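This report looks at aromatic contacts, helix packing and backbone geometry. The sequence and the model are shown first, and the description follows.

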Amino acid sequence: MNKTYKLALSAVMAFAITACGSDSLDVEPKSALSEDQVKTVDNLDALVTSAYSYLGNDHYTAPMYLWPTGNLRAGDAHKGGNGAADIFAYHALSLYEPLVADGESFPPDFIDLNNKKWVRDFTGISRVNSALQVMNDVDESVYPNKAARQAELRFIRGVFYFDLKIHYDQVPWIDETMTPEQVETASNVDLTSQELWDKIAADFRFGVENLPLPQDQAQVGRADRDAARAYLAKTLLYQAYVQDENHQVTSIDSDKLEEVVSLVDDIEENGHYGLVNDYAENFLWEFENNRESVFEIQRSREDGSPDGRGSWGVALNTPMAGGFGCCGFHVPTDNFVNAFKTGADGLPLFDTFNDANYDASSDMVDPRLDHTVGMEDKPFKYDEDLIIEDGDAWARNPATYGNFVSMKELEHPDCECRMQNGPFTVTSKNTILVRYADVLLWKAEALIELNREDEALPIINRIRQRAAGSTGRLGNNFSIYNIGTYSDFADQDEARQALRWERRLELGLEGHRFFDLVRWGVAKETLDAYLEVEQTRKEYLTDAEFTAGKHEYMPIPQQQINLSGGVYKQNPGY
């Protein structure tokens, strides 16, 4: 059980936040901390913890688990809920064209969720910068952990900026060295896309240079050197796919790919992180912070806060029955489920997988399907006594979205990690941001793009072999499992197809898919093929249309453009 000792969730803000813009707020403070008081060791540590805390201070309107922006836009999940008007902003994500820069104009939504995402990330960055401003002036003789704590803060800033970058492409760079006047005049187009990637990479490089190895990091939840290496590798992998102003990939930087391989080699050589034996252990609360988890958000309950720092980002996603309560969002698509089908050789049906919908009585599948998707007549979360007897009974609006359930982010309804807040089911289950399997697949991807597909082959097969051995918790006679390994790759194209398919299955519904498609420059062709068939299955998608050069990124929130006095520039097409 996550208790109050967990690092990221036990802090109290120790730094003053100033508000302005209202005469009613212009009051004399009752007390204030002096600069010397703030610079005590305890308060400096509290500033760092406060920055960690904000990673977990998310909500389903702006989650760190990227199910809305990473899965709804990727053809892997439908919005779910009670129809289009039930959080219309997420309905707009699924249809692409309804996306607008002023999200408050969405009827009947009253909150601009796009702007909330932007504000949430920059609030986290502000916490980091405030802490760094104080810490940078403190001598190491007073604060021996200064370099490591600075590295943790810059790591956290890098996480928030990475999130902004993959959502909006060009955002203003704000760090602790800037004056208020520089912050006020900073534009989201001051830096090129590549220059912004360099800034993000620099924060993670500082972490690689100054953080302890994971085996030397005393407290669970703090960033370590290999986590920084992993995030640096991820940043460089994205940066390697150079895009033009219309978001189309124009070249691939082989030097950056070589560094990705080198960074993952260093992580492997250290040997602290690795694959757990059973794939299921990545998605069960009792195995959180396991050896496959490179970095995760620490959640908690019974921590002194009113509701605990639980998994509010996925509070909408539980079924409407089975001992849960609300709200039936994040419904896997037929296309996604069909992708797990395999042939007699145990390999994916690349060309024919979506010709017909999955039939559990006859179709062979990769076992990762049943770790990822809950469906009628199969166990939910490995409990053979808790069967979805009637799939529609577990769904909010099965006629519109179907009755599948996304399981990875959820827990068993009887889990002691559960917290109930009204109709919402929240748990203290941690949110994994980077898994070791993901790290290995970055290396495989880089090797393939470097024309070294023979070296990528054993990496992909290793992950598939782990999947093959992960059936112990899945029960008996619910599915026909058949998963094999690749004997070889005929060429780079075949290797690339295998790698991209593997990412979809291994990391399914974990929030990565859409950003993968954009990175590879195949979003348009992939989503057009998805919609061509899915529109015949789900009527609400009839008007969905992905526009290349526009929908790869979210619009810059109109409220932010207004507040900047026009200094911020809108993304193409909006």
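Helices, of at least four residues, and strands, of at least two, are DSSP runs numbered from the N terminus. With that numbering, Glu 302 is placed in the loop between strand 4 and strand 5. The model is a predicted one, and every value below is computed from it.

**Backbone geometry**

The loop that holds Glu 302 also contains Cys 327, and it runs between strand 4 (293–297) and strand 5 (329–332). Glu 302 has a phi near 50°, a positive value in a residue other than glycine, and with a relative accessibility of 47% it counts as partly exposed. Cys 327 is joined to Cys 326 by a cis peptide bond, for which omega is about 20°.

A positive phi is also found at Asp 377, where it is about 70° although the residue is not a glycine. Asp 377 sits in the loop between strand 7 (373–374) and strand 8 (379–380), and its relative accessibility of 43% makes it partly exposed. Just after helix 4, Tyr 96 likewise takes a positive phi, of about 70°.

**Helix 4 and its surroundings**

Helix 4 (residues 88–95) is mostly covered, as eight of its eight residues are buried. The buried residues include Phe 88, Tyr 90, His 91 and Leu 95, and the buried residues of this helix pack against helix 3 (67–72), strand 1 (77–80) and helix 5.

A search of the whole structure finds 31 aromatic pairs. Phe 122 counts as buried at 15% relative accessibility, and Tyr 161 is buried with a relative accessible area of 1%. A tilted pair is formed by Tyr 486 and Phe 489; Tyr 486 is buried at 7% relative accessibility, and Phe 489 is buried at 7% as well. The geometry of these two pairs is set out below.

| Pair | Arrangement | Centre to centre | Angle between planes |
|---|---|---|---|
| Tyr 486 and Phe 489 | tilted | 5.3 Å | 50° |

Ring pairs also link Phe 155, Phe 162, Trp 197, Phe 204, Tyr 231, Tyr 238 and Phe 295 into a cluster. Tyr 238, a member of that cluster, has the charged end of Arg 519 over its ring, 4.6 Å from the ring centre. Elsewhere, Lys 550 lies over the face of Tyr 574, at 5.1 Å from the centre of the ring.

**Packing of helix 10 and helix 14**

Helix 10 (residues 254–270) and helix 14 (residues 436–449) pack at an angle of about 145°, and their axes are 9 Å apart. The crossing of helix 10 past helix 14 is left-handed. Among the residues that make the contact are Leu 257, Val 260, Val 264 and Ile 267 of helix 10, together with Val 439, Leu 440, Trp 442 and Leu 447 of helix 14. The residues of this contact divide into eleven nonpolar, no polar and four charged, and the contact includes Asp 265 and Glu 268 from helix 10 and Lys 443 and Glu 449 from helix 14.

Key
Residues are numbered from 1 along each chain as its sequence is written. This is a predicted model: local features need pLDDT of at least 70, side-chain atom pairs count only at pLDDT 80 or more; totals for chains, interfaces and linings use all residues. Side-chain values use heavy atoms; hydrogens and water are left out. Rings of Phe, Tyr and Trp (its six-membered ring) pair if their centres lie within 6.5 Å; planes under 30 degrees apart count as stacked, over 60 as edge-to-face and the rest as tilted. Buried means under 20% relative accessible area, exposed over 50%, partly exposed in between (1.4 Å probe, protein chains only). A charge sits over a ring if NZ of Lys or CZ of Arg is within 6 Å of the ring centre and within 35 degrees of the ring normal. Axes are lines fitted to C-alpha atoms, for helices over the stretch in contact, and angles run from 0 to 180 degrees between N-to-C directions. A crossing is left-handed if the near helix is turned anticlockwise from the far one by less than a right angle, and right-handed if clockwise. Contact means heavy atoms within 4.5 Å. Ala, Val, Leu, Ile, Met, Phe, Trp, Tyr, Cys and Pro count as nonpolar, Asp, Glu, Lys and Arg as charged, and the others, Gly among them, as polar.
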